[in-house]
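Reader: Can we go through this one together? I'd like to start with the aromatic rings.

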Amino acid sequence: MRPAHDLLPNLRSFHANCETLQGVGTIVPWLSASLHSVDITLGLTVDDAAGTYVLSALEGHFTHVTSFSLRMDSSPHRRRFMAQALLAVLQGLGTVRRVTTPLFNTPGQHLSTLGAAPHLEELNLFLLDSPIEGAGVGTVVNNPLDDLGELDDLRSLPEHQTSQGTPSAILNVFPSLHTLTVTGFLTDIADIVRDTTQDLERLYLSVPSIQDEHEMTLAMRDIASFCPHLSFITFDFFSADHPEWVDFDPLNQRPLEIHVRHPRFTPNFLILRMDANGVIEPQISPDYI
């Protein structure tokens, strides 16, 4: 049972990794109304009821929270009640600046709620219907590349193109958001980007694979036309299938950082950076996150 008063009335930062149902019951009594940062990861055995319980316990504790993170896998037994419980939590984030959260099947209400947060600057979304095998939000890759080798299977980066113009701005939606991170398939990502703001400056995309030869071209075209102020884009491709479908041309020579799992190096990442002058710099990063 929850205590009648805060056990830690001066607690500012709360981090928990709940791998079992018992773990959920253990952390709830320690939640405090004084929290500024909340970071919770739910393990595989934490079902829908337990997840809803911990989210419901968080309600009313967000007066001062500026950073909220909820991480979990895409287990199908956590779909029925958790979506509504998460929505109630998001509705209480009046002072939040950074959010990491999953999105369920119908993310409309959740995105609308996040879009109304007046101070939200950084948003990290994990689309639960687009799971990446062996990787989730915050996955760490520690193994360095021994040799850059030949990159024959990687498509060359784009030539300069002229911007095609942008649609009119959408007012009062994500008024402070400048950085968006999305993990999912490209078609879903493009839809999410269009539901945020045209004022995005940095975009980080994690993609399990390209499913169709035209998918990436269309998605990049939509993103480039909707977000005219993007100054930097990062791509993580978790599959080397069909490298000929990789197409950055619609991005109009914007600076890129590309992380690809080349067949020769799997599961390591080859990192390519292109600066504002179009110079490509392959790099090895053993501590890449």
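**Aromatic pairs and the core**

Author: A search of the whole structure finds four aromatic pairs. Rings of Phe, Tyr and Trp (its six-membered ring) pair if their centres lie within 6.5 Å; planes under 30 degrees apart count as stacked, over 60 as edge-to-face and the rest as tilted.

Reader: Why is the pair of Phe235 and Phe237 stacked?

Author: The ring centres of Phe235 and Phe237 are 5.8 Å apart and the planes are at 0°, so the pair counts as stacked.

Reader: Which other ring does Phe237 pair with?

Author: Phe248, in an edge-to-face pair with 6.4 Å centre to centre and 65° between the planes. Phe237 lies in strand 8 (residues 232-237) and Phe248 in the loop between strand 8 and strand 9 (256-260), so this pair ties together parts 11 residues apart in sequence. Strands (E, at least two residues) and helices (H or I, at least four) are DSSP runs, numbered from the N terminus. Ring pairs link Phe235, Phe237 and Phe248 into a cluster.

Reader: What is the model's origin, and which cut-offs apply?

Author: This is a predicted model: local features need pLDDT of at least 70, side-chain atom pairs count only at pLDDT 80 or more, and totals for chains, interfaces and linings use all residues. Residues are numbered from 1 along each chain as its sequence is written, and side-chain values use heavy atoms, with hydrogens and water left out.

Reader: Is Phe248 buried or exposed?

Author: Phe248 is buried, with a relative accessible area of 4%. Buried means under 20% relative accessible area, exposed over 50%, partly exposed in between (1.4 Å probe, protein chains only). Phe237 is buried too, with a relative accessible area of 4%.

Reader: Which residues touch the most other members of the largest nonpolar core?

Author: Phe68 and Phe235, out of 74 residues in that core. A nonpolar core is a set of buried Ala, Val, Leu, Ile, Met, Phe, Trp, Tyr and Cys residues joined through side-chain atoms within 4.5 Å.

Reader: What does Phe68 touch?

Author: Not counting residues up to four places away in sequence, its contacts include Val38, Leu58, Phe62 and Arg98. Contact means heavy atoms within 4.5 Å.

Reader: Switching to the whole chain: how many helices and strands?

Author: Six helices and 11 strands. Of the 289 residues, 48% count as buried.

Reader: Where is Leu7?

Author: Leu7 sits in the segment before strand 1 (13-18). Leu7 is partly exposed, with a relative accessible area of 36%.
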